[in-house]
Amino acid sequence: MKRLIRSLFAAGLVLTSQPPQAEDAVGKLVIRLPAYGANIDQTSVSGLSSGAFMASQLYVALSDIMVGAGIVAGGPYLCAKSWMDKTLLENATTTCMHPLTPDDAPNTPELVRYARQLAEDGFIPRLENLADDRLYLFSGTRDPVVTTAVVDQTAAFFEEVGVPATSIRYDRSVAAGHALITDDRTDKACALTEPPFINDCGFEQSREILRQIYPDLKPPADRLSGDVVAFDQREFIDSANTSMSDTGYVYVPQACQDGVSCPVHVVLHGCLQGAEVIGDRYYAHTGYNEMAEANNLIMLYPQVRPSRETPSNPQGCWDFWGYSSPDSATPDYFTRNAPQLRAIYRMLNRLAQDRP
Amino acid sequence: MDNVTSSNAGIDTKLTEALKHWSDYASESPQNLQALFGSFNPLKDNVQIVQHMLQALYLGWTPASLGRMNPAALTDACRELAELQKAAQDKGTDCCQRFLNTTLSVGQQIAESVQGAASPQDFLGSYLDASLGILRQYEYNARAQATAFGQIQSAYRAWLQKTLENLYAQPMAETGATSSLPAPTSTQDSGSA
């Protein structure tokens, strides 16, 4: 793969508008995100924790191209707007994570009303787009960070806005801590809540997510046809406060490079899980790429990094309370025009462009 | 700190490490505080809450119209309040218990850490490391307590809003205005999509 990329550089087929990054933090060659003629009308998204909140946002804000989502320990769309006499940050860190009682959980009726109004006013696509989609939801029974009371409201929200109950698979049967689940004994024990928040509970959650969204997928491949590629995220970012890393990652199976128009699945890490914090653990060792290889799916791994001052995002979380617009009292972090969402949308558009 | 310790070749390695741990702690604490305070902006927070209220009113939140009160909702409100108070009390007890446990274990942790020290410097290094560990436990407890207070306060505020809504529940009004919806992007973030 590296040889191919170097030859593309040499042939002038890979051009950058900014000074190219030669390597990422761990010495991986960084390229301009190539165009693959991807089929983005079959896009889906999944994420853990802040990545799951972001997955809700991306899923609703791009519902015209989405076919499903996987939400692991995450709340409903617009969750930080649940209770009117609290700030977005207060809602995000209490109601949307570990409410004291289920009565303080996300305020689903209010969130549904607001989502409908946003759709009616054209800030997000029609909610009717969700009617033929498929969702995977997960809450570990030992998760102290985002409790089951919150994820229950995620299920309630999506049912209320039109995803059929029969198309939602909600698993709250596993005694898991706050983590993405794998079947790898080298990961943390299932019930723990500890960095890097990837736990061995005896099954590959990435596989379950993708099978729920795209029924009839083949079993994962034993081997990958290439490497995960590091790409320059900077060209997709047009705001100073996104907290997004310079480098993102993508896995493109050989068939998708050779002419098959493949759907894209966006994978969003949680807080303290970006590549600058845990290296390749999330984008290379959670089972997504093996499923991509067997089923001709492109895996896109956008990245966020910690930022201590402006914006205030010390744990490198995705934005679900408005930090990416620090000067606004009514920040937009939830429509297609939100700084992080529009950056990801641009990445999808690049992948969909015709091959050079 | 490295300059200090590197120029004193006679200092025990364990003591050097312990001093470095304290030095790291001293530099990371202000950074954490800065990050914490950076998250709060009272003026912006107040504007944000007012905006939320305007938006809720715009979406049809009309308890202020004081229609006929629903007596059944009062029973639910009292039950929810009782549950909330019980949960708050449990949280408070947990926090006290955590502090108590840490305090009770202080002597034992220090005694165990300095046991078998081969030299005064070794003793001091172990003592410093154990003390830092205890300080971090207290810090963790304080964070847990702050989180619990946040949860409790949040729950009472949600209860108040929900109670008002349920007591004076009105049919939702439909409006066509969009003035209170957030602008798609802030000035700072404007750019081509």
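A:Asp216 is exposed in this predicted model, since 6 other C-beta atoms lie within 10 Å and a residue with 12 or fewer counts as exposed. The residue sits in the loop between α6 (205-213) and β9 (229-232) of chain A. Although A:Asp216 is not a glycine, its phi is positive, at about 70°.

A:Ser49 is likewise a non-glycine residue with a positive phi, here about 55°. Its place is in the loop between β2 (43-48) and α2 (50-61) of chain A.

| Residue | Phi | Other C-beta atoms within 10 Å | Class |
|---|---|---|---|
| A:Asp216 | about 70° | 6 atoms | exposed |

A:Pro196 belongs to the loop between β7 (188-189) and β8 (198-200) of chain A.

The contact between the chains takes 42 residues from chain A and 44 residues from chain B. On the side of chain B that touches chain A, at least two residues each are supplied by α2 (13-38), α3 (42-58), α4 (71-114) and α5 (120-167) of chain B. Of these elements, α5(B) gives the largest share of that side, ten residues. By residue type, the side of chain B that touches chain A comprises 18 nonpolar, 18 polar and eight charged residues.

Note on methods. Residues numbered from 1 in each chain as written. Chains lettered and ligands numbered in written order. Predicted model: local features only at pLDDT ≥ 70, side-chain atom pairs only at ≥ 80, totals over all residues. Contact = placed C-beta atoms within 7 Å. Helix = DSSP H or I, 4+ residues; strand = E, 2+ residues; numbered from the N terminus. Nonpolar A, V, L, I, M, F, W, Y, C, P; charged D, E, K, R; others polar. Buried ≥ 20, exposed ≤ 12 C-beta atoms within 10 Å, placed from the backbone.
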